[in-house]
Amino acid sequence: MKDFEKLYYLHKEELYRYLFGLTHDPEQAGDLMQETFLQAMLGIGRFRQESSVRTWLFAIGRNLWLKEMRKRRETVEYDDLLETYARQTLEETAANRETLHRIKRLMRQKDERVNLVFSMRISGYSYAEIAQKAGISESSARVLEHRTRVWLKQQMEKGGDK
């Protein structure tokens, strides 16, 4: 159960943003997010690890959204759904790609240890694993990661990578 709790906290914000992008309704996105995690918890034994957990959760969420769309209208035109999903996916992909490039440019300003801590944390490593790999204390890993996130946010808001 602790592992599932970690999974929840690791992916909840990103999943919510994804579902909000599909629904454009904060309440519906929240409901779908909760239902997604419920379905994931019930079906964790069927997860074949052919994709990342993030991709699997997003697929569950998208399928729940599609199911809800079908319930709301007697018929949901496939072309309408495809157009909506493709447009949003392309927009999100382009925005995510640009954000990723900006973050990479900014991270070039940081030293090797900061980059190691930050990249390992993004990859889902625990602070204990990061501390061991970087040769620092767990609390130092936490502080470095937090300071880096705060710095990145400030730089992104003021366009510091351009």
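1. A salt bridge here is a side-chain nitrogen of Lys or Arg within 4 Å of a carboxyl oxygen of Asp or Glu. By this rule the count comes to three salt bridges. Please keep in mind that this is a predicted model, where local features need pLDDT of at least 70, side-chain atom pairs count only at pLDDT 80 or more, and totals for chains, interfaces and linings use all residues. Residues are numbered from 1 along each chain as its sequence is written, and side-chain values use heavy atoms, with hydrogens and water left out.

2. Arg142 pairs with Glu138, their closest N and O atoms being 3.5 Å apart. The two sit four residues apart in α7, about one turn of the helix. Arg142 has a relative accessible area of 43% and is therefore partly exposed, as is Glu138 at 36%. (Buried means under 20% relative accessible area, exposed over 50%, and partly exposed in between, with a 1.4 Å probe and protein chains only.)

3. The Glu14 and Arg54 salt bridge has its closest N and O atoms 3.1 Å apart. Because Glu14 lies in helix α1 (residues 2–23) and Arg54 in helix α3 (residues 53–72), the pair ties together parts that are 40 residues apart in sequence. Glu14 is partly exposed at 30% relative accessibility, and Arg54 is partly exposed at 31%.

4. With 4% relative accessibility, Thr148 counts as buried.

5. Helix α2 (residues 26–43) is worth a look too, and Leu38 belongs to it. The helix has 18 residues and reaches 25 Å from its first C-alpha to its last, close to the 26 Å expected at 1.5 Å a residue; that expected span is 1.5 Å times one less than the number of residues. Its buried residues include Leu32, Met33 and Phe37, while Leu38 is partly exposed at 37% relative accessibility.
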